[in-house]
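The following exercises are to be worked with the sequence and the coordinates at hand. Each task is followed by a stepwise solution.

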Amino acid sequence: MRGFLLNRLSQSLVLLLIVSVIGFVVLNLIPGGPLAQFGLDPSMTQDDLNRLKEQLGLNRPLWMQYLDWAWRLVQGDWGHSFRDGAPVLDVIGRHLVATLLLMGSSTVIAIAIGTWIGIRGATHRYSVFDYLATVGAMVALSIPTFWFGLLGIYVFSLRLGWLPAGNMYTIGDGSALNYLHHLIMPSIVLALVHVAIWSRYMRTATLDVISQEFVKTARAKGLSERRILMKHVVGNALLPMITLAGMQLPSVLTGALVTETVFTWPGMGRLFLDSLGYSDYPVVMGLLMFSAILVVLCNLIADIVVAIIDPRIRLS
Amino acid sequence: MAKDPVTASTYSRRDALRLMAAGGIACFAAPNLLGKPAFAETAKPTGRVVVGLSQEPTVFNPLMAHIEVDDAVHFSVFDALFRMDPKGVLQPNLAAEVPTQKNGGISEDGLNWRIRLRDDVRWHDGEPFTAEDVKFTLELITSPNFRAWRTGGHSLVRDITVVSPTELTWRMEEAFAPYLSFLAETFMVPKHILAKEADPNTAAFNQAPVGTGAFKWAQRVAGDHIELVANSEYFGDGPYVERLVFKYIPDMTVLYTQFKSGDIDLVDQAYITADHYEEAKTLPGRVVTLEPGASLESIFLNLEKPQFKDPAVRQALYAAMDRKAIIDAIYFGVGTLTESFMPKESYYFNPNLPAQQFNLDRARQILDEAGWVPGEDGIRAKDGVRLSFNNSTTSGNNLREQVQQFLQQTFAEIGVEMKISNMPAAVMWGEFWLKSQFDSAIAGVTYLIAADPDATNRLHSSAIGAKGGKGSNTAQYSNPEVDALLEKGARTFGPEERREIYNRVQEIVRQDLPFLPLFASTNVLGRKEGLEGFEPNANTRTASWHAAGWRWQS
């Protein structure tokens, strides 16, 4: 176990290093840069722009900027946003809660419904339900989220007036009920795609288990279908889903760009888009490292969890 | 001193002139001239106004480099020495008077300035506002490590001397009249808070500013909104609403949808898109108006390209532009025909410029007479120069792309080939634009800085970035007479004398056509019915320049 952990950790460090170098270089290759936003402002002269460039340290060679940034990061200093001057970790923290709320609730919905549809589709293979679920998943996967979002806003907010047209809460009303009311539409819209993905994987995994010998044995022993399903099939089918969950968890924390924009949800996805738009290098790099670390950690945790649950796998 | 209205709203152009001539007594005369809302003294601020913005304000230290959308917050939390009113006339704000040569605030040679301040102003934390704060503010802007916004004008200030808590003087390195207007966008920051900070760039103040303005900082939910509360001790008129919220809505369509659904009380930057104007007008309970903006949408011609050196080409192209059709068919009727770079709301606008006539025959005739002869492919040429050029703008701006296609066709009819070559914003407005690497470009730009008529930055030959100049004269326009007039205008303080100078500049530029005006930008403003005291102001960059005067109809 210890050897496994050390091995994985050293691999992860190399991965993070590569991600940071590539991210830094690509980010600086994008034309424009943080001062482009002043390009059309007549009151900023070329002198003013040069002065700001120097003050932000952007006139140094790229490798020097990278080393400076990386050295500070190693020491725990993630830098300050170019836009509002706040420490990068604070900036991320401010948006993390909103994203957790949205992605958390949509993931719970997606897993619950997706698992159910997947299992039912597998046990009632080629039934009307299975066909409908398959077609529904295809539709949900092929129609863009923003379209679902706008359709939802049009129907439920503008026409019916049941749900708010966006935002995380009504300004001036911080009650839990108000948050919940605002959460309904974006989390369901976001869950649609995940339900589709989750149910397809779950169906395949369940079918895989059902055809195993030990299920036949259980049937031969005369166990009820319900007992076979609950005790033998679902548990085994869920194993590969843990790995899938490990791969999806980072996206829970890094946010959903499109949905957050349509529903004016102040989460991580929008932070990333805005920071990229203004070439706010420290924040973009911070987000990149944050999500890279999450991916590494979540995969590691998924591997460990699978090993603990499944006695056939030993980490060595 | 009684609570004075900070700005005027109901006087005529003649009154404005008289005010400016009267100079120093303006602030004493203004209240009588205007009258005052009867309930101003008694009303307690009530209600809340939610303003929608399509970009997020993030810079709250008003002296640091920021963009237009941040102004909405700055104008509400802070005050400057003066404020530019909707007629383009300076009104005293923190200053007790607008200094002029007539009232002795500015010496005859324009070098020595004296500012008198109000004595009844306090910071939001209760400390009195004094001349020391003004001195500190002006010195902070030019201090070497501070990431300041505009330093133009400020860098000329020397020997700031505090005479008394309500009076200070300084010397200018050279006479520079636009500085008065610049000061109207220079918000005062508190010395007693910022002087203690080791690094003003990262001070806590920048996240929770303290000003003297009509609204106090309450909180910011990053990525979502900023909330301000009424400053009941405000020295000026207002505020009448208790809470002012700036809500960030990143998508223009969603911004409009939330205005429609009632989540937003007023749409500020970047306003309602033109394609929603027709529908917006019919919304019940909403007031939707067209208001002029400060920028001019035009086709910039790079005058160093051989195709555009001949004035006849520029005149012919201008005659070949069916601007009315472009505004009506492409821009949904939102846009105002103009011949000048000066906004119509400016006191310095020249209304007597010759009006462009769309006439293809005339365009062909001009080119024929100038010796541009159609070649075998139908494209005109002269001395080996083919009348063919690229036109560039931000890719994805579909209205501008339609304009390009429209012009491409009409230009082809007079034997001119225009090719479309668009690029992403960051590429377009970087070196490509600033260093004049384009043939021609469609851009919406503001010529004035802080609504001062001085357009040196865009029209003076020393401001050509491609030739090492430090301005943004990207058309590479160079006319010695314009240069001389601009230099004279920057040294001249009297509004009437300046008006003559800039009227002449507009005449010459209209004749030379370094850019072909399409239309003056027009914003579709929307607000809820019952929100009163709202006044648009093309001389500022935000619709929320005077939220102090907003109130809900009771």
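**Exercise 1.** Over residues 283-309 of chain A, what are the percentages of helix and strand, and how many Å apart are the end C-alpha atoms?

Solution. The model is predicted. Step one is the secondary structure: residues 283-309 of chain A are 100% helix and 0% strand. Step two is the distance, which is 38 Å between the end C-alpha atoms. Step three turns to the record: an unreviewed UniProt entry lists residues 283-309 of chain A under "transmembrane region", along with 12-30, 96-119, 131-156, 176-197 and 237-263. Residues 96-119 of chain A can be treated likewise, with 100% helix, 0% strand and 33 Å between the end C-alpha atoms.

**Exercise 2.** Describe the side of chain A that touches chain B.

Solution. Begin with the contact count: 41 residues of chain A meet 48 residues of chain B. Next, assign elements: at least two residues each come from α2 (46-55), α4 (88-123), α6 (145-159), α10 (257-262) and α11 (268-277) of chain A. The greatest contribution is that of α2(A), with 5 residues.

**Exercise 3.** Why does the radius of gyration of chain B agree with a compact globule?

Solution. For 554 residues, a compact globule would have a radius of gyration near 24 Å; chain B has 24 Å, so the two agree. Then consider burial: 51% of the 554 residues in chain B are buried. Turning to contacts in chain B with a separation of 6 or more, 70% join residues 24 or more positions apart. Lastly, the secondary structure of chain B comprises 18 helices and 20 strands.

How values were computed. Residues are numbered from 1 along each chain as its sequence is written. Chains are lettered from A and ligands numbered from 1 in the order in which they are written. This is a predicted model: local features need pLDDT of at least 70, side-chain atom pairs count only at pLDDT 80 or more; totals for chains, interfaces and linings use all residues. UniProt positions are given in the numbering used here, feature names are shortened, and annotations may be inferred rather than shown by experiment. Helices (H or I, at least four residues) and strands (E, at least two) are DSSP runs, numbered from the N terminus. Two residues are in contact if their C-beta atoms, placed from the backbone, lie within 7 Å. The radius of gyration is taken over C-alpha atoms; the globule rule is 2.2 Å times the number of residues to the power 0.38. A residue is buried if 20 or more other C-beta atoms lie within 10 Å of its own, exposed if 12 or fewer, and partly exposed in between; C-beta atoms are placed from the backbone.
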